[in-house]
Amino acid sequence: AERLLTRIKPIAQARGVIILAPQAASPTWDIIRSFRGSEIDFSEDGQRIDASLKALFAQFTIDPKHVAIGGFSDGASYALSIGPRNQQLFTHIMGFSAGGFLPFAEEARAKMFVSHGKTDQILSFENAEDYIVPQMKRLGFDVRFEPFEDRHVFREEEINKAMDWFLG
């Protein structure tokens with residue numbers, strides 16, 4: 001979280017956006033185990049995020065029409081999995097180089113931003129282009145897809161595009 005926060009913090013500050021960057025309890029997010037066949041479980045990290053959000057909302061005035069969840073890599077898969085389950089809170093969902101998402105049944109209301117490097121050596125670009133984005137669109141999400149010419153990286157260009165999209 002700290003590494004990604006250093007990339008996004010100056011961009012967010014310049015636009016007056018508050019960023020909350022919780023750290024997963026383990027080396028990656030709890031639901032990533034679900035991609036490997038385990039039962040879907042948002043318990044440990046979900047509770048940490050809930051507690052962090054409660055503290056944030058107690059400290060700052062937050063515009064309920066502009067609350068986003070996002071992440072990079074496994075964090076993006078987490079955001080694309082938990083965001084649709086919590087659209088009463090999250091109006092925008094951002095996935096930077098996601099590997100996938102877990103199925104959900106909620107009606108699509110949030111807006112979604114997805115970016116992915118065309119030569120990603122870690123998580124398949126084709127998966128994002130051929131499965132994630134079309135599936136989210138079929139589910140009714142308003143999806144903006146931003147492919148880019150690079151590998152598995154969290155680039156300033158995509159952060160800026162996502163911020164412009166979020167605030168637009």
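## Close-up views of a predicted model

View A. Asp164 has a relative accessible area of 46%, so it counts as partly exposed; by the cut-offs used here, buried means under 20%, exposed over 50%, and partly exposed in between, with a 1.4 Å probe and protein chains only. What you're looking at is a predicted model, in which local features need pLDDT of at least 70 and side-chain atom pairs count only at pLDDT 80 or more, while totals for chains, interfaces and linings use all residues. Residues are numbered from 1 along each chain as its sequence is written, and side-chain values use heavy atoms, leaving out hydrogens and water. Asp164 sits in helix H5; helices (H or I, at least four residues) and strands (E, at least two) are DSSP runs numbered from the N terminus. The side chain of Asp164 makes a polar contact of 2.8 Å with that of Arg15. For a polar contact, a pair of N or O atoms must lie within 3.5 Å; within protein, one has to be able to donate a hydrogen and the other to accept it, and residues adjacent in sequence count only if both atoms are side-chain atoms. Asn86, by contrast, is 78 residues from Asp164 in sequence and 23 Å from it in space, C-alpha to C-alpha.

**View B. The four-stranded sheet.** Here is an open sheet with parallel pairing and the strand order E1-E2-E3-E4; two strands pair if DSSP finds at least two bridges between them. E1 (68-72) and E4 (142-148) are at the edges with a single partner strand each, so one side of each has no neighbour in the sheet. On average, neighbouring strands are turned by 10 degrees against each other, direction ignored. E3 (residues 111-117) and E4 pair over seven bridges, and Gly117 stands opposite Phe148 in E4.

**View C. Helix H5 against the sheet.** H5 (residues 156-167) packs on the sheet and touches E1, E2 (92-96), E3 and E4. Contact here means heavy atoms within 4.5 Å. The direction of H5 makes about 170 degrees with that of E2; axes are lines fitted to C-alpha atoms, for helices over the stretch in contact, and angles run from 0 to 180 degrees between N-to-C directions.

**View D. Lys118 meets Glu149.** Their side chains form a salt bridge at 3.0 Å, N to O; the rule asks for a side-chain nitrogen of Lys or Arg within 4 Å of a carboxyl oxygen of Asp or Glu. The count by this rule comes to seven salt bridges. Lys118 is partly exposed at 38% relative accessibility, while Glu149 is exposed at 59%.

**View E. A salt-bridge network.** Asp150, Arg155, Glu157 and Glu158 are linked by salt bridges. Arg155 reaches Asp150 at 3.7 Å and Glu158 at 2.7 Å, N to O in each case. Are Arg155 and Glu158 buried or exposed? Both are buried. Asp150 is partly exposed, at 27%.

**View F. Phe57 and its contacts.** Phe57 lies in helix H2 (residues 43-59) and is partly exposed at 35% relative accessibility. Leaving aside neighbours within four places in sequence, Phe57 is in contact with Ile62, Val67 and Leu89.
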